Amino acid sequence: MKKLKTMDENVLRLTILLFAFLLIAGVTKGDSFLKVSIFQTMGKQLSEYGLMAVGCGICMISGGIDLSCVYVANLCGIVAGLLMQKSGFPIWAAVIAAIVTGAACGAFNGFLISCLKIPAMLATLGSYQLFQGISVVISGGSSVGNIPKAYSAFGSVTVMGIPAAFLVFLAIIIAMSFFMGKTVFGTRIYLVGTNAKSAMFAGIKNKTILTGTYMLSGLISGCAGLLSLARINSAKADFGTSYTMQCILIAVLGGVNPNGGFGSIPGIAIAVLILQMLSSYLNTFPDISNYYRDSIWGIALIGVLIINFTLEKRKTARQAKMN
Amino acid sequence: MKNLMNKLIKQTEFWVFMIIIVLALLIQARSGAFFANNNIVDIMRSMICPALYAVCALLAFVSTGPDVSFPLIAALSSYLAIVITYGTGYDGPWFVVYLIGMFFGALMGALNGFIIVKYKFPSLIVTLGTSSLFSGILLGAFEAERMELPDTLQRFGSMNLLTVSNEKTGLGSALPMTFLILIVVYLIAYAVLNFTMVGRGVYAIGGDEISAERAGFDVKKIRFGIFVINGMIAAVAGLCYSVMSMKYLPTEFAGGEMVVIAAIVLGGARLTGGVGTLKGCLLGTLLLTMVTNSLILAGISVYWQKVFIGGIIIIGTAIPAIQYFLGGSRGKKVKGGEAA
Amino acid sequence: MENILSVKGIKKSFGGVHALKGVDLTIRKGEIHCLAGENGCGKSTIIKVISGFYQPDEGSIEIDGKGYPVMTPSDAIRAGVQVIYQDFSIFPNLTVIENLAFNQVLANRKKLVNRKEFRRIAEEAVAKINFEVDLNALVETLPVADKQLIAISRALLENAKLIIMDEPTTALTKKEVARLFEIIADLKKRGITILFVSHKLDEVFEISDSITILRSGENVISCPASEMNEEKFAYYMTGRHFDTQQLGQKKKKGAFGETVLECEHLSAAGFEDVSFQLHQGEILGITGQLGSGRTELSLSLFGLNRPVSGRIKVEGNEVDIRDVTTAQSLGIALVPEDRLTEGLFLPQSIIRNITVTRLDGLAGKTGILNSKTVTEESEKWVKELGVATKNHELPVQTLSGGNQQKVVLARWLANRPKVLILNGPTVGVDIGAKYDIHTLLHQLAEEGMAVIVVSDDTAEVIATCDSAIIMQGGRMTGRLESQDLTEANLAKAAI
C-alpha cells in the first residue's frame, strides 16, 4: 500500500484509465479489437511518435521544449537511407551515423539554448526549419527510398508476436525511466527545470545538463527516424509534420508540467498507449472518420489539464495544512 | 537628430529594416529583378495572409503567450462560412460571408480565451489542444474536402486592386482586393492598440498582470477579448486565403503558425510578453516572405529556402544574447546570477 | 487629533485558517504609524482589508469618520487610501508617463488615450515630490528607487489621505532610504498619514510616531514609538526573549586558527583591488550598500564572477575558481541572497532541496542514486538543523521562511565546507529564526569553520561578525577588527 502511495499519482491515474479503457473496448468490440494483428499494428505506429514524445518530454521537464523532434527524426532517416543506398556501406554504420546525426542536432539545440540563451521555443523553432532545410537539400527534396531489404525487414520482424519496433520503444522507455528517476544527471534535469538560477547556485552545470538533455532528445528522435525508415521503407523531409504538436500533447497528457520540473517517463509511455488504443479502437467503427482522433486528443489534453489543476489545488491545500 | 539615431538603433524594428534593405539590394544585384514591379506586387500579395496571422500572434504574445490555433480557426471558420453561403444560396455582397466566418472565429477564440483566463494554463498548450480539436471537427465531423468558392467570393476574388506587367520579362502580377482588408485590419489594430485604453491594457497586462489589475484594467475581460478578436482575424485571414487561391483547401492551413511566430519574434516581440509592435510584425513578415519568394531570383535553389529561414530565425533570436555578451564584457551589469 | 482610520475586531479566515483573529488598528491623522510583525502575522491581510481587496468576516472599518459596512477597492481609493506595494505595481515595459497616468485615466472611465492629458497628469504627479525623471523613458531602464518614486507620486495624484507603504525599503540603498524618509517627512508636513509596514527595527524607530505590532493574527500592542525599545520590540514580535549578549562577543585577532582564504588585489566585474585574509573560526563581515561590490566579491569567491586580476589563495595555494564545482571542491559554499529565486527549488521536495549539492557523493562512481541513501541523508540534516516539518517529501515551499533558509544551509553544511559565505543570511527571516541562524553561525565558527557574512544590515554585521571589511563603489574602504567594529566606525569607514 505504501508503495502504491509513493507511486506517482498521475501515473497511477493513467494506468487506471488504461485498464478501464481496455475493459470497455473489450466488452464493446471484443471480437474486432482484441486481436493480435491490431495490437501489432498499434505497436509499430506508436513507437515512432511515442519516442519523439519522450524526447520532447524530457526537454519540457528541463524547463524548455523541443519543437524539432520530427525534423531531427526525418533528417536521421534520410541520412541513414542515403548511406544505405550506397552499395557496400554497412547497414550498422548507417544506423550509427543516423544516431550520431540525431545527437548532433540535439547538441546544436542545446548550444543555442544554454550558451546563446535563446528561449527553447524559439531556438527549436528556428532549428527545425534548419534541419528540415538540410533534409531537403541532401535528399534533393524527394523521398529517399530503395532501402536494402536487410534493413526494411526490421519493420516487419516480430519477436514472440511483438513487433521489433515496439521492443525498441520499450527498451528506450525503460532506459529513460531509469535515467530520469535514478541517476544524478536525471535528477539534475528536474532541478534545472524547476529553477535554473537556483541550480546554478547549487553547483549544477546548467549548460552541461541542458546540452545533454537536448542531445538525448535528438538521439531518441534519431531512433524514431530509423524506426519509421524501416516501417515505411522511405524517408522524406516533411514526413509526419503533425507529430510535433502530438508529441507535446502526449507529454502533457502524460503528466509533464509545461513549466518544467515535473513529469515522468512511464507517464508519457502510458499516455502514448492510451491514445494509440483509443484511435485504433475508433478505427474499428467503419463510419467514424480517423480524423476524429484529433478532436479526442485535443479534448483529452485540456480535460487532463483541468483534472490535474483541480487535484493539484486540493493537494496543495492538504499539504499546507500538514506543515 | 543624434537622439533620434540613438533611439532607432535600440529598436529591433530598425535592424530588421536594415536587413531587409541589404537583402533586397543583394537580390537586386544578383538578379536585377527584385525591384521589378511584378516582384514587388508578388511579395505584397504573398504577405497578406501571413501578415494577418501575425496580428493574431502579436496580440497573443504581447498579452499572454503564444497562440498556435489561428491556422485551424481560419480553416474551420472559413469552411463554415462557405458551407453556410452554399446552404442558404446567398449571393449578396462578399463581406456578409466574412461576417459569418468572423462569428464562428469569435466562438472558437472564445473557447481559447475561456480556458486560458479561467485556469491560467499556458496558452501554447491550450491553443495546441484546441487546434487539435478544431482539426478533428473540420476533417472528422464535417469531412471537409477541397471545394469551389461560392459565386460571391469568386467575384470578390477576381477583382484586383492593381495589375502590373513587367515589360522586360512579360511577367505580370496582380494585387487582389484582399490587400485592402490587410490595410484596414492593420489600421484598426494600430488605432486600438495605441489610442484606446483597452489597447494600452493589452500591453499593461503583458508587462505586469497584477499591476494591471490594481491599476483598474479588467485583465480577464481584456485577455478574453484578445482571443475572441484573434479568432475573428484568423477567420478573415482564412477567407482571404481561400479567395486568393479561388478554392477552399482544408489541409493547406495547418503548419503555418510557427513561421508566423518566427516573423513576429524577428520583428521584436518579446517572448515574455509586453513588448511588440505592428511595425515589427509587418517587417518580420516581409523579411520571411522575401526569403521564401525571392531567394530563387538570386539564383539560390528553393531547396535552400528552409535552411535560410531557420538560419535567419536563429541569428535573429540570438541577437539579444550577442548584445548581452558584448554589454556583459564591459562589466556593466553584474548582479546575482546574471554574472554567469 | 482625529483618527483617519479606525478598524475594530477584524476577523478573516481562508479555508479554515484564521489569518486575522480580531485586529484593532487606530491611526491618527497626520502621523507616521508603523505596522510591524513577523512573516505570516497577518500584516498583508489587514492591508488588503483596509484597501478593500478582502471583505472581513467580522469587524468594522471607519475611514475619516465614515463607516464602511462593505468596502470595495474603489471605495477605499475614493476615501483616500493608497497602497504602495513592495513590487510598486508598475509596468516595466511602458513609459513613465503611462505608468503615472493609467490609474487616474482608468478611474475617470476614459476609453481613449489623450497624449496631452497623459503628459499633464504625469507632470502633475512628478511635481508633487519634485521628482526628476525622463518621462518618456521606459520604466524597466530606471533604478529601483525611481520606480518607487513613480509609485509614490502616482499615489499622491489620487488625493491620498492615507498612504500604506508595504516594506518600502527592501530594495533600496542607504542613500535611497534616506531620500525616501525625507519624502515621507514632507508628506507628513502636508497632512498625509503614512502607515509604514516594516520589520526592520532601526527604520521603525527612526521615522514612526506610533507602532502597532501584530502576532499570529492578533494585535499585541499599540503604543507611541517613544515607549518602545529594541528588546520589547523583539519580544512583542516573537513572544520570545533573546539573549543577544553572547552573540555580540567578538574574538580577537590572535584567537583564530590558520588562514583559510586569502585575496590579493582581486579585481573582477563590480569591484577592484580587494585584499583580505580569512582564518579558521573567524566570522568576517563584508558590508556595503547595494552596488558597492559586496555581492560581486562573494560571487567571485564562488566561481560565478571570474576575476580579471589578482589572486585567490585557499590554504596557501593559489587557486583558479572557474565555476561552482571548483569552489565546491575547494570547500567553499555560498548561500545566495534571494532564497526564493536563487536558493530553493520551491515546488520540489525537501529531500531534493537538501541533497542537491551532495548528489555526486551519494551516488558514487556509477552516477546512480539509491533512494534510501538519499532519504537518510536528508533526514539526518532535517534533524540536525531542526527544520520543522513532518514529512520531508513535501515541497519545500510549504515551509516557513526560516525553515526554508535552514534547508539551504543544510545543503551546504552537508559538504563540510571550510569557508561558508552567506549573502544576506537573514533577509526576510523572522526574528526567531534570525536568532537561530546567528547562533548556528557562531557554533560553526567554534568548530573551526570560516564564515563570511555579506550584508548591508550593519546591525547584523556588528552583532555577528568578529571583523568586517567595508566596500564602497567597488572598492574596499576599510577593515575593522573586533572591538573597533562599532556602528560609529562603520559609518566613518563608509565615507
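User: Which domains does the assignment give for chain C?

Analyst: For chain C you get domain 1 (3-238) and domain 2 (245-493), with bounds that come from an automatic or database domain assignment. Before we go on: this is a predicted model, where local features need pLDDT of at least 70, side-chain atom pairs count only at pLDDT 80 or more, and totals for chains, interfaces and linings use all residues. Residues are numbered from 1 along each chain as its sequence is written, chains are lettered from A and ligands numbered from 1 in the order written, and side-chain values use heavy atoms, with hydrogens and water left out.

User: How many Å separate the centres of domain 1 and domain 2 of chain C?

Analyst: Taken over C-alpha atoms, the centres are 34 Å apart. Their contact (heavy atoms within 4.5 Å) takes 10 residues from domain 1 of chain C and eight residues from domain 2 of chain C.

User: Now the nonpolar core. Which residues of the largest one touch the most other members?

Analyst: First, the idea: a nonpolar core is a set of buried Ala, Val, Leu, Ile, Met, Phe, Trp, Tyr and Cys residues joined through side-chain atoms within 4.5 Å. Buried means under 20% relative accessible area, exposed over 50%, partly exposed in between (1.4 Å probe, protein chains only). Here the largest core has 255 residues, and F217(B), I152(C) and I163(C) touch the most other members. Helix α3 (residues 37-63) of chain B gives the largest share, 16 residues. Both domain 1 (3-238) and domain 2 (245-493) of chain C contribute residues, so this core lies between them.

User: What does I152(C) touch?

Analyst: Leaving out residues up to four places away in sequence, I152(C) touches I84(C), I129(C), M165(C), L180(C), I183(C) and L187(C). There's also a second, separate core of 74 residues, with I283(C) and L490(C) among them.

User: How many helices and strands are in chain B?

Analyst: Helices (H or I, at least four residues) and strands (E, at least two) are DSSP runs, numbered from the N terminus. Chain B has 14 helices and four strands. Of its 340 residues, 54% count as buried.

User: Is helix α13 of chain B largely enclosed or open, and why?

Analyst: Largely enclosed by the rest of the structure, because 12 of the 17 residues of α13(B) are buried. Among them are L278(B), G280(B), C281(B) and M290(B).
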